[in-house]
Amino acid sequence: MLEQLPALQVVLPLLAAPLIVLVGRGGFGWAAATAVSWACLAVAIGLALRVAEVGVISYALGSWPPPWGIEYRVDALSAFVLVLVSLVAAIAAPYARRSVAAEIERDRHYLFYAMYCLCLAGLLGMVITGDAFNLFVFLEISSLATYVLIALGPQRKALVASFQYLLLGTVGATFYVIGVGLLYLKTGTLNLADMAERLRAVEELRPVLAALAFITVGLGLKLALFPLHAWLPNAYAYSPSMVSAFVAATGTKVSIYALLRYYFTVFDPAPLFETLPTRELFIALSVAAMVIASLVAVFERDVKRLFAYSSVAQVGYITLGLGVDNLDSLTGSIVHLLNHGVTKGAIFLLLGGVALKSGAVSMSIGSLSGLGRRMPLTAFGLVIAGLSLIGIPGTAGFITKWYLIVGAIEFGLWWLVAVIVATSLIAVAYVWRVVEAAYLGEGGEAPAKTGEAPLGMLVPALAMTALCVYFGFDTSFSVGGAREAAELLLRGTR
Amino acid sequence: MTEVAAHYSYWITIFLMVAGMYILIARGNLMKKLIGLATLQTSVYLLYIAPGKLIGGTAPIYAEGFTTYSNPLPHVLILTAIVVGVATLALGLAIVVRIREAYGSIEEDEILERDRAAD
């Protein structure tokens with residue numbers, strides 16, 4: 001049983017989806033989706049514990065030994081991301097019941113939960129697989145499910161947002177598969193570990209460089225690397241509340257994971273960072289994302305779009321650590337996958353409660369006014385998560401910025417430290433706009449209903465908020481896991 | 001010159017790839033955008049399939065008198081990619097139908113204009 005854990009991680013949500021469709025009832029759909037999410041979290045924790053013991057778990061799917069068969073490979077980095085994805089899923093799934101009931105027609109509930117399970121299966125599969133083409137298939141499973149989930153949003157703008165994401169997301173996936181094709185032509189293998197070994201022996205570098213470019217742009221589209229982020233703000237803003245939270249917390253992170261995997265384990269990172277301007281490119285794009293997207297967020301009127309632009313900026317922090325490329329900055333990058341995941345997840349879950357109570361389809365900053373009186377717990381949660389977004393000591397966001405700054409100083413990039421601090425100040429500006437409306441705004445238009453969101457939504461949202469604080473104090477799992485993953489990525493490169 | 005001509009399948013691949021991207025970017029009609037997307041995806045099928053075929057090679061089934069076999073793996077991969085492409089296209093078309101129901105148009109600029117008018 002324990003040996004089968006890597007397969008169960010993907011098979012459980014993958015099987016739940018058709019089961020939910022066959023039963024065809026919304027209540028069962030929710031129960032099954034929640035049970036599967038919790039089971040996935042248990043499996044992910046089990047895998048993480050075993051990885052801590054034995055190092056790397058290699059699972060030959062269908063007993064076909066790698067490199068011929070598809071290999072599932074769990075190491076320190078993938079175990080960390082598996083826990084992140086399934087943790088967010090386990091908190092978001094119970095939340096879905098009331099939120100989905102309010103936002104989606106009754107007869108479509110079971111389809112929603114089926115899509116959610118497929119999305120979860122795709123994301124977990126992308127992380128656990130050790131096969132380049134299998135990663136593409138899981139990327140498409142999660143992407144197609146995400147397009148559907150976004151299109152279920154209450155406004156008609158959700159359809160256009162979903163269509164735009166479908167176009168750009170498919171171009172990204174196609175570029176990725178072109179890159180994999182070139183690597184396959186050069187090495188004759190699709191197993192990532194095997195490919196890495198054979199790439200070291202390849203002498204003609206031009207096809208490999210072309211593959212690198214295609215994979216970088218392809219995954220860059222999926223992870224919303226500035227300036228390839230055009231799809232993200234609308235996709236997050238117009239999707240149902242639960243989808244905003246789940247996708248914002250996990251979707252881009254998994255693509256960043258795939259990028260890290262290619263940059264540090266498949267391609268030879270030494271020439272990548274020494275002979276190519278990889279470092280300069282990533283630092284430049286990340287700084288642009290951090291500054292420009294944060295500034296756009298300051299002037300955004302729609303609350304969900306505001307936090308979506310903030311996500312683009314936060315992805316910038318993650319890719320910044322990749323660009324600086326030393327142990328501390330990479331630790332910061334990887335730990336920010338988790339820290340930003342729970343922070344943004346908490347914010348969108350809380351906003352879902354606000355949307356439910358106000359009954360409004362779109363949420364302007366003005367509609368938050370008086371929130372501190374109407375929904376004191378929700379407003380307080382938003383403040384805490386907002387502080388974590390800024391990076392105040394005692395919250396998860398601070399831990400990330402600490403490691404990024406230490407990494408930048410080690411490298412002698414003092415101006416970068418100034419940029420990180422300056423963009424945190426811009427974050428203060430946009431978070432303050434929300435806080436100002438919630439606590440200092442006049443009553444504004446009278447909301448449809450008063451009081452807090454129902455407990456089924458409030459408890460998961462506050463649990464996620466509590467995690468923002470928890471990971472700010474106890475970093476044994478977050479930084480411990482991230483540091484191990486960063487050491488793994490840097491091993492053998494210098 | 002022969003070098004260029006001998007690689008004609010690559011030239012077709014690159015042409016389809018660029019043509020697909022161009023349609024996707026330059027056309028405002030959502031249906032045409034999907035056609036561009038499908039063309040781009042099709043070009044990748046060629047990129048995988050063409051190098052897998054050996055001239056004079058047969059299907060990889062052991063038989064007397066045949067010693068050259070084509071590589072079956074790219075075919076299998078592309079079978080999967082075709083399924084993914086069909087699913088993407090089907091979902092894209094379904095969303096276009098819904099957009100037409102909601103907006104009464106499938107022209108990008110008209111849709112954006114109606115969104116602005118509604119705000």
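Does A:Ala355 count as buried or exposed, and how many C-beta neighbours lie inside 10 Å? In this predicted model, A:Ala355 has 25 C-beta neighbours inside that distance and therefore counts as buried, the cut-off for burial being 20 or more. The residue belongs to helix H14 of chain A, which covers residues 327-358.

The chain contains 20 helices and two strands. Its C-alpha atoms occupy a box of roughly 70 × 55 × 40 Å along the principal axes. Burial in chain A extends to 63% of its 494 residues. Of the contacts in chain A that link residues at least 6 apart in sequence, 81% are between residues at least 24 apart.

The largest nonpolar core has 222 residues, among which A:Ala92 and A:Cys117 touch the most other members. Leaving aside residues up to four places away in sequence, A:Cys117 touches A:Pro13, A:Ala16, A:Ala17, A:Ile20, A:Ala33 and A:Val36.

The next subject is the interface between the chains. Here 22 residues of chain A are in contact with 25 residues of chain B. On the chain A side, the elements giving two or more residues are helix H5 (132-151) and helix H6 (157-187). The largest share, 14 residues, is supplied by H6(A). Sorted by class, this side of chain A comprises 15 nonpolar, four polar and three charged residues.

Within chain B, one helix pair illustrates the packing. Helix H3 (residues 30-52) and helix H4 (residues 73-103) of chain B pack at an angle of about 180°, and their axes are 10 Å apart. H3(B) and H4(B) are therefore roughly antiparallel to each other, since angles over 145 degrees count as such. Residues making the contact include B:Leu34, B:Ala38, B:Tyr45 and B:Ile49 of H3(B), and B:Ile78, B:Ala81, B:Gly85 and B:Leu89 of H4(B). By class, the contact between H3(B) and H4(B) has 17 nonpolar and five polar residues, with no charged residues.

Notes: Residues numbered from 1 in each chain as written. Chains lettered and ligands numbered in written order. Predicted model: local features only at pLDDT ≥ 70, side-chain atom pairs only at ≥ 80, totals over all residues. Core = buried A, V, L, I, M, F, W, Y, C linked by C-beta atoms within 7 Å. Buried ≥ 20, exposed ≤ 12 C-beta atoms within 10 Å, placed from the backbone. Contact = placed C-beta atoms within 7 Å. Helix = DSSP H or I, 4+ residues; strand = E, 2+ residues; numbered from the N terminus. Nonpolar A, V, L, I, M, F, W, Y, C, P; charged D, E, K, R; others polar. Axes fitted to C-alpha atoms, helices over the stretch in contact; angles between N-to-C directions. Parallel < 35°, antiparallel > 145°, perpendicular 65-115°, else oblique.
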